[in-house]
Amino acid sequence: MGAGTARAAEVSYATECLPPPISGLPPVEGTTTVDVQAPATAKVGDEVEVVWKTVQAASKNPPILDLEENTVKPTGTITVGGAQTGELAMEGPRENPAIPKDSPMKLSDMKGKLKLTQAGEVTLTPGAYNINVSKPLSTDTKCSAKEAVKAAATIKVTGSGGTTTGGSTTGGNTTGGNTTGGNTTGGNTTGGNTTGGNTTGGNTTGGGGGGDSYTGKEVQVAYACKTPIGDKNATSPVQINAVKNGGSFDLTVKFGKSVMDSPADIPADSVKPSMDVKVGGADKGTVAVTGPTNKGPIKSGDPIEIPDLTGTYKPGASGKSTLTPGVLTVKALGTTTTCTPAKDTQVSLELDTTAQSNGTSGGNSSGGNGSSGSGSSGGGTTSSGASTSGGLAETGASDHGGLKALGLVAGTAILLGAAVFTLTPWRKLRGTR
């Protein structure tokens, strides 16, 4: 009621912004410029609106991912000083234009309600702020002042004194409680969960009819990976099982038990894993196996699973043929990540095979190293006619893939105000022992 005309003032201050820990990115140093608007005059007892306009955030949107419109939400804190002291929580709506890669961040205006409790000059000083991006995953970038910041606005408050002291700020404006990658999990390798010695004899077949099942040996697979945010290495136990179906074999690839939590919120139906199983020995080539997408959302910090990968192997040669874990691929939210196993990866399963028409055959195996299962360099292609279960894209896997600590890391990092998502290990992996 007694508030006067709004007054605006800009201040700039050195700022350090911390990307979500899961990104593996270093802090960003930059300058934040803020325009704070508040009434020039008011009376004790008034509740006034304070507006924080971000003229310049401390960093651009890095040249990695375009941010969609209405995906960025800022929150921040203004320090109240002078006649009244405390902190005022500020919050802006999730409203922004599309923000291209390598362009300035566009943040909505933040607002807060301040109850004036003391006569005198009340100063308003901007400070820390947080930028939440909701897609492709909910992530936060936290920014704080690295120098003393000058007051950006002053309210001259008149009225009888004797009212309450000034700690009364905030007005209930939350800071958004958005998840953040505090749950780093960064380099959690899974190698410790060996279980590798689980051999299971019966890996050969007697050539009988359909329905015979064959259990493979669980082998430790060392993956060399390259992600958009750097090279990663990880080890995981993998087992290939088969069920005879006429002259073909229905394959199931299981990942061994592991321990890893999700470093960020992952939406439902957003991650799809697949693998090229390497065929060696009498036969040559690769067989595609795929898994379903995650059924429900996975919250940051919760364990995640990698599902069984399935496909059909149609032999192209007669004799003893071997199956070895091969190139792993993860498609998620428009990105593709591939992981290449070490050349000395052991064979998981050996089968007595009989050549079938249009079966997998002909030396197009990745690396071309027959039965040993080594040579999974990823350069190979699926030989013509090889039976695959649908959905596995060619990976062109001469390049290392992206797996982070057992995990399928389809990482896309966006720095200040940015989206950092990691399509991460589907942990607590299901598997036989």
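Predicted model: local features only at pLDDT ≥ 70, side-chain atom pairs only at ≥ 80, totals over all residues.

Q: What makes the link of Cys 17 and Cys 143 a disulfide?
A: The two sulfur atoms are 2.2 Å apart, and the cut-off for a disulfide is 2.5 Å; the pair therefore qualifies. A disulfide is a covalent bond between the sulfur atoms of two cysteines. The structure holds one disulfide. The angle about its S-S bond is 115°, and the link of Cys 17 and Cys 143 is right-handed. Cys 17 belongs to strand E1 (residues 6–18) and Cys 143 to strand E11 (residues 139–145), 126 residues apart, so that distant parts of the chain are linked.

Q: Why are Cys 17 and Cys 143 called buried?
A: Buried means under 20% relative accessible area. Cys 17 has 0% and is therefore buried. Cys 143, at 3%, counts as buried because this value is also under the limit. Cys 339, at 2% relative accessibility, counts as buried as well.

Q: Why is the pair of Trp 52 and Tyr 129 called edge-to-face?
A: A search of the whole structure finds three aromatic pairs. In the pair of Trp 52 and Tyr 129, the ring centres are 6.0 Å apart and the planes make an angle of 70°. Centres within 6.5 Å make a pair, and planes over 60 degrees apart make it edge-to-face, so both conditions hold. Trp 52 lies in strand E4 and Tyr 129 in strand E10 (residues 120–133), 77 residues apart. Both of these residues are buried.

Q: What makes the pair of Phe 249 and Tyr 313 stacked?
A: Here the centres are 6.1 Å apart and the planes 20°. Planes under 30 degrees apart count as stacked, so the term applies. Phe 249 is in strand E16 (residues 248–255) and Tyr 313 in strand E19 (residues 309–313), so the pair ties together parts that are 64 residues apart in sequence. Phe 249 is buried at 0% relative accessibility, and Tyr 313 is likewise buried at 0%. Ring pairs link Tyr 214, Phe 249 and Tyr 313 into a cluster.

Q: How do you know that Thr 32 makes polar contacts with Thr 15 and Tyr 129 through its side chain?
A: The side chains of Thr 32 and Thr 15 are joined by a polar contact of 2.8 Å, and the contact with the side chain of Tyr 129 is 2.7 Å. Thr 32 is in strand E2 and is buried, with a relative accessible area of 0%. Among the residues that Thr 32 touches are Val 11, Ser 12, Gln 56 and Ala 58.

Q: How do you know that strand E4 (residues 47–56) pairs with strand E2 (residues 28–39)?
A: Pairing requires at least two bridges. E2 and E4 have five and run antiparallel, so they pair. Val 36 stands opposite Trp 52 in E4. E4 is also joined by six bridges to strand E9 (residues 110–115), again antiparallel, and Val 48 stands opposite Leu 114 in E9.

Q: Why is strand E17 (residues 271–281) called largely enclosed?
A: Ten of its eleven residues are buried, so E17 is largely enclosed by the rest of the structure. Six bridges join E17 to strand E18 (residues 285–290) in the antiparallel sense, and a hairpin of three residues connects E17 to E18. E17 also pairs antiparallel with strand E20 (residues 319–324) over four bridges, where Lys 278 has Thr 324 as its bridge partner in E20.

Q: Why is Lys 217 called partly exposed?
A: Its relative accessible area is 24%. Lys 217 is in the loop between strand E13 (213–214) and strand E14 (219–227).

Technical notes:
Residues numbered from 1 in each chain as written. Heavy atoms only, no water. Helix = DSSP H or I, 4+ residues; strand = E, 2+ residues; numbered from the N terminus. Buried < 20%, exposed > 50% of the residue type's maximum accessible area, 1.4 Å probe, protein only. Polar contact = N/O pair within 3.5 Å; in protein donor to acceptor, adjacent residues only side chain to side chain. Contact = heavy atoms within 4.5 Å. Lists of a residue's contacts leave out its neighbours within four places in sequence.
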